[in-house]
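Morning, everyone. Take a look at the model on the screen, and I'll walk you through two parts of it.

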Amino acid sequence: MNLAQLGPRNGDNRAMNPSAGGVFTPDAFETRAVQALREGGLRITSPRLHVIRKLSQSSTALTANQIHDQILADGDQVDLVTVYRILSTLMELHLVHHIGVVDAYTACDLESHGNNTEHLICTKCGSVQELDAPGQALEATRAQLQTLGFNPDQIKIEITGECQKCHN
Ligand SMILES: [Zn+2]
Ligand SMILES: [Zn+2]
């Protein structure tokens with residue numbers, strides 16, 4: 001498994017990927033992100049919009065470097081530090097998630113949720129899907145944590161494997 005080499009595929013569209021949760025078309029994600037920025041008293045800057053669009057249009061998680069490269073390839077200007085800063089702002093707003101196994105970022109598929117996330121990451125095509133209801137696995141984890149006396153801030157579940165498209 002070499003997840004680090006998985007990159008975005010041309011012509012991919014996250015709207016084409018059915019997800020267990022609420023499905024957002026790229027436009028819907030952008031609309032929601034813009035609204036969340038406004039509500040947070042944050043300006044809708046062109047670099048912020050560029051980052052939102054790149055994540056919205058990709059079915060795979062993108063590294064900060066990939067987002068940066070794609071924006072430059074479009075002929076727009078932004079520096080890498082700004083991309084990282086924008087990503088952390090978007091993560092604070094729960095609009096973007098960091099996927100640890102690929103050290104990359106993905107647009108949130110759900111309308112709203114708390115701190116806990118569950119993602120399926122395909123090791124063949126790199127597609128990322130967000131699960132709506134972590135459900136029983138999460139309940140079992142919570143029970144275990146309680147036994148250990150551990151108070152969790154956040155539970156992130158990342159499941160790697162083959163997506164339906166690659167498996168069939
Ligand atoms: Zn999410
Ligand atoms: Zn796949």
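First, a definition: two strands pair if DSSP finds at least two bridges between them. Strands are DSSP runs of E with at least two residues, helices are runs of H or I with at least four, and both are numbered from the N terminus.

This is a predicted model: local features need pLDDT of at least 70, side-chain atom pairs count only at pLDDT 80 or more, and totals for chains, interfaces and linings use all residues. Residues are numbered from 1 along each chain as its sequence is written, with chains lettered from A and ligands numbered from 1 in the order written.

Start with the hairpin. β3 and β4 form it, with 5 residues between them. In the turn, G126 has a positive phi of about 80°. β4 covers residues 128-130 and runs antiparallel to β3, joined by 3 bridges. I121 stands opposite V128 of β4.

What does β3 pair with in the parallel sense? Strand β5, residues 156-161, over 6 bridges. There, H119 has E158 as its bridge partner. Of the 6 residues in β3, 117-122, 5 are buried (20 or more other C-beta atoms within 10 Å of their own, C-beta atoms being placed from the backbone).

Now the helices. α3, residues 64-73, and α4, residues 80-92, have axes that come within 9 Å and cross at roughly 120°. Axes here are lines fitted to C-alpha atoms over the stretch in contact, with angles from 0 to 180 degrees between N-to-C directions.

Notes
A residue is buried if 20 or more other C-beta atoms lie within 10 Å of its own, exposed if 12 or fewer, and partly exposed in between; C-beta atoms are placed from the backbone.
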